[in-house]
Amino acid sequence: MPCSVRATGWRSYGMTSTGGRTRICVIRTRICCALPWPRSRWRIRSSSARRWVWSWGGAGRFGDAAVERAVAAGVRQLVLLGAGSDPRCRRLALPSDLTAYEVDLPGQLDAKESAFEAAGLVPSAPRRRVDADLRGDWAAALAAAGHDAGRPTVWIAEGLFSSLDRGDSIELLSEIGRLSAAGGRVVFDVPHPAFARDPAKSAFLALMTESGCPWLGFAEHPDVPLPPGAWRLDAYLPPDLVAGRCPWVPPMPQRLADSHRWVWYAHARR
């Protein structure tokens, strides 16, 4: 059952089941309806996975607010790492003098681009596609696309660090730091080790492993993978967001926080 909380801007995701198979649904906006969700590779049967899907709306809202703050501060480069089906370049009202870069594996962005073109949806700001593997020399590909490491950038790395081990997480954030001028920001999320210990999440974690996407990147705090002294970090667990402890994001509705209280939302600035 798709739903939203209009007063705060938080968005949630629902699920529908047909013939014993479950697929993800999203709130019915023009953007979401354009995406090829019925062909999604995600097929989730367990109740724990059903609950976990709500967190994706939380990450999106947190990232949106971070982008809006960066733009208000004059940042004019946006990099979406592992961009996949992220619709921000079309969903957010980005300024025309901002350049957005979507980075993902070759071929990963094809379905999204085709769907949006068919729906007549265009980016709100100049957008450049970067086909690159984050395990390789993606920084060179990003530079070739026009990214200027001497200017501030807001980086979105949602959903990446759960799939990376500690060494890969540190390496990725170090590379982001190398490409970030003063005033740059990075947004990412990372699961707390308590997530892995929660019996209610065991079926979800088993499913991810079975699907070839095991969760590896647990951290007691998001400062663990960040290079020491390089960033000023704000980090929140969902109960913190429900309580309104993040001054620049509206309070998260309790129902969105109940099922994923052990996931950190992190925002770091240079």
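How much accessible surface does the chain have, and what share of that surface belongs to carbon and sulfur atoms? The accessible surface comes to about 12100 Å², and 52% of that area belongs to carbon and sulfur atoms. The model is predicted. Its chain has 270 residues, of which 51% count as buried. The fold holds 11 helices and 10 strands.

**Confidence**

- The average pLDDT of the chain is 81. A score of at least 70 is reached by 78% of the residues.
- Over residues 1-29, pLDDT stays under 50. The model still has 84 contacts beyond four places in sequence for residues 1-29.
- Residues 35-55 also stay under 50 in pLDDT. For residues 35-55, the model has 57 contacts beyond four places in sequence.
- Where pLDDT is low, predicted coordinates should not be read in detail.

**Contacts along the chain**

**Helix H5**

- H5 spans residues 110-119. Its buried residues are Lys112, Glu113, Ala115 and Phe116.
- Gly120 follows H5 and has a positive phi, near 75°.

**Helix H9**

- H9 covers residues 202-210. Phe204, Leu205, Leu207 and Met208 are its buried residues.
- Viewed down the axis of H9, the buried residues fall within an arc of 155°, so they line one face of the helix.
- An α-helix has 3.6 residues a turn, so residues three or four places apart point the same way.
- Phe204 has 3% relative accessibility and therefore counts as buried, the cut-off being under 20%.
- Just after H9, Gly212 takes a positive phi of about 85°.
- Phe204 and Trp215 are 11 residues apart along the chain. Their C-alpha atoms are separated by 9.9 Å.

**Aromatic pairs**

- A search of the whole structure finds nine aromatic pairs.
- One of them joins Phe62 and Trp248. Their ring centres are 5.0 Å apart and their planes lie at 45°, so the pair is tilted.
- The pair of Phe62 and Trp248 links distant parts of the chain, 186 residues apart. Phe62 sits in helix H3 (residues 55-72). Trp248 sits in the loop between helix H10 (238-242) and helix H11 (254-257).
- Both Phe62 and Trp248 are buried.
- Trp215 and Phe218 form an aromatic pair that is tilted. Their rings are 6.4 Å apart centre to centre, with 50° between the planes.
- Trp215 is buried, as is Phe218.
- Phe62, Tyr236, Trp248 and Tyr265 form one aromatic cluster.

**Charges over rings**

- The charged end of Arg261 sits over the ring of Trp262, 5.5 Å from the ring centre.
- Arg270 lies over the face of Trp231. The distance to the ring centre is 5.1 Å.

Terms used. Residues numbered from 1 in each chain as written. Predicted model: local features only at pLDDT ≥ 70, side-chain atom pairs only at ≥ 80, totals over all residues. Heavy atoms only, no water. Buried < 20%, exposed > 50% of the residue type's maximum accessible area, 1.4 Å probe, protein only. Helix = DSSP H or I, 4+ residues; strand = E, 2+ residues; numbered from the N terminus. Arc of directions from axis to C-beta. pLDDT = per-residue confidence, 0-100. Contact = heavy atoms within 4.5 Å. Phe/Tyr/Trp six-rings, centres within 6.5 Å; stacked < 30°, edge-to-face > 60°. Lys NZ or Arg CZ within 6 Å of the ring centre and 35° of its normal. Areas by Shrake-Rupley, 256 points an atom, 1.4 Å probe, with all protein chains shown as cover.
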